[in-house]
Amino acid sequence: MAGAVSRVSVLLKSSSLKVLPPLRWCTVAHNIAVKTAIDEKRKAALLGGGQGRIDKQHAKGKLTARERLHLLCDPDSFTEYDMFAEHRCTDFGMEKEKYAGDGVVTGHGRIHGRPVYLFSQDFTVFGGSLSSAHARKICKVMDQAMLVGVPVIGLNDSGGARIQEGVESLAGYADIFQRNVLASGVIPQISMIMGPCAGGAVYSPALTDYTFMVRDTSYLFITGPDVVKSVTGEDVTQEELGGAKTHTAVSGVAHHAFDNDVDALVRLREFYNFLPLSNRDAAPRRQCDDPPERPVYSLDTVVPLESTAAYDMLDIIRAVVDERDFFEIQPLYAKNIIVGFARMNGRTVGIVANQPKFAAGCLDINASVKGARFVRFCDAFNIPILTFEDVPGFLPGTAQEFGGIIRHGAKLLYAYAEATVPKITIITRKAYGGAYDVMSSKHLRGDMNYAWPTAEVAVMGAKGAVSIIFRGEDVKAAETEYMEKFTNPFPAAIRGFVDDIIEPHTTRARICADLDLLESKKQENPWKKHANMPL
């Protein structure tokens, strides 16, 4: 028996079967090697362009792409996609320089327990420049967000197109733009500019719903200062050309600016809670400790007795909404109109209000565009609209006429007329002329329209009206008669153009009750491929 075993052993050793044990051990070693390579690649990906570049990013007062995501998302909620993606460019020696992730971190996470898709550009890798692989990663999360009906947030920090890739980089931008357009009105899209954003890269934020910036470290421009100087001869700094101050106060491209990365991300978390996940969801609602029937007695005296005296409409807004919490959009641009988000009895609402402190609350080109875009966003995402009205009309003057106030003013009119969400209007003082019609009047399908005792609904102010009606005559007596007839809310109330004249301190209670009633509102516009609004 021992001899037989010995002979079998000899045969095994001498036969081809002797390769089996080495193969088995080689597979194990290979698997270990692959696992080690994956771990090393993952570690490299987490470092982006390397510790040296991370240190430079921190020296500028900026967080890295991953630090931003982890601060924005709930703890341990971020799941990354395509960590190992790399570019495939072989020109200009690019095949020798590759980084896992290729300059953008993408994935999904949660903000206050609510899902969100995100991408964060990494300036430490090729300056955050966009390659075809970089673009594919962004498109992937945008496609996923559309599929599941969840907002997309982009944290932009990029030098623009990756020049080494040529037209492939431009194609990547176009792919992103196409998805921005398809997602518009379907899911909220938010851009946070946290570094440079130049050239074609600026159009993706421009196509999203909200663009926020960080002061002193973020820039948006089509062409940089050097190109501007070579073409026009103008000397301008990056900050003057495309900084946060320029775009929040002058151009209106950005909707808000924050002091630093941490402040921006904390405020973005706050802002996200106002938004529904998609156009199929109702406006978000949360528990509210502020009683809906709370009387607001300060409103009884907020409007001055002198009709030409200014007051701050923000005092009214903050007094009426839950816990005085109002997130204003574009606070530094077109200050004669206020737009922003608040809550009434826990429910998100959009607020549009004339601001008598600036230009007497007149509507001009910038105010009309600002208000129209906000109204259309609220309507797209089922957010009720509250309008606080004190408007003496459209701003007169050649600058406005030559600038196209007719066309731009029509945008706000169009937005209100098209909106099918609940619309509640409070006339606090003046509602004059065409501007009265525009500001969510009963004639534009306003659901509930109220007037305070101080309201004046008329074609124009008494002095101007009388000077036209009684041209060349003694107008003093006529002016008194006109004021008695029209500078009060009765003419509109008699005709049913306002539903009630209410005491100001009851405003919050009336709005909260109406929002509950209008929660089941169903209204549709006639079918059309799309409308042709006056762009």
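Which residues in helix 5 meet which residues in helix 6? The close-ups below start there. This is a predicted model, in which local features need pLDDT of at least 70 and side-chain atom pairs count only at pLDDT 80 or more, while totals for chains, interfaces and linings use all residues. Residues are numbered from 1 along each chain as its sequence is written, and side-chain values use heavy atoms, with hydrogens and water left out.

**View 1. Helix 5 alongside helix 6.** From helix 5, Ser-132, Ala-135, Ile-138, Cys-139, Met-142, Asp-143 and Met-146 meet Glu-168, Gly-172, Asp-175, Ile-176, Arg-179, Asn-180, Leu-182 and Ala-183 of helix 6. Contact here means heavy atoms within 4.5 Å. Sorted by class, this contact has eight nonpolar, three polar and four charged residues; Ala, Val, Leu, Ile, Met, Phe, Trp, Tyr, Cys and Pro count as nonpolar, Asp, Glu, Lys and Arg as charged, and the others, Gly among them, as polar. The axes of helix 5 (residues 132–148) and helix 6 (residues 167–183) come within 8 Å and cross at roughly 10 degrees, so the two helices are roughly parallel (angles under 35 degrees). Axes are lines fitted to C-alpha atoms, for helices over the stretch in contact, and angles run from 0 to 180 degrees between N-to-C directions. Helices (H or I, at least four residues) and strands (E, at least two) are DSSP runs, numbered from the N terminus. The crossing is left-handed, meaning the near helix is turned anticlockwise from the far one by less than a right angle; clockwise would be right-handed.

**View 2. Helix 4 crossing helix 11.** Here the axes of helix 4 (residues 65–72) and helix 11 (residues 261–272) come within 9 Å and cross at roughly 35 degrees, and the crossing is right-handed. Arg-68, Leu-71 and Leu-72 from helix 4 meet Asp-261, Val-262, Leu-265, Leu-268 and Arg-269 from helix 11. That contact splits into five nonpolar, no polar and three charged residues.

**View 3. Inside the largest nonpolar core.** This core has 83 residues, and Leu-268, Phe-341 and Val-352 are among those with the most contacts inside it. A nonpolar core is a set of buried Ala, Val, Leu, Ile, Met, Phe, Trp, Tyr and Cys residues joined through side-chain atoms within 4.5 Å, with buried meaning under 20% relative accessible area (1.4 Å probe, protein chains only). Leaving aside neighbours within four places in sequence, Val-352 is in contact with residues including Ile-337, Phe-374, Leu-386 and Met-439. Apart from this core lies another, of 31 residues, among them Val-296 and Leu-515.

View 4. Asp-102 is buried, with a relative accessible area of 0%. Beyond four places in sequence, Asp-102 is in contact with residues including His-87, Phe-126, His-134 and Arg-162.

**View 5. Val-391 in strand 13.** Val-391 sits in strand 13 (residues 385–391) and counts as buried because its relative accessible area is 0%. Val-391 and Cys-362 are 29 residues apart along the chain, yet their C-alpha atoms are separated by 5.5 Å.

**View 6. Lys-370 in helix 13.** Helix 13 covers residues 365–380. Lys-370 has 4% relative accessibility, so Lys-370 counts as buried. Outside four places in sequence, its contacts include Gln-330, Tyr-333 and Ile-337.

Conventions. Buried < 20%, exposed > 50% of the residue type's maximum accessible area, 1.4 Å probe, protein only. Parallel < 35°, antiparallel > 145°, perpendicular 65-115°, else oblique.
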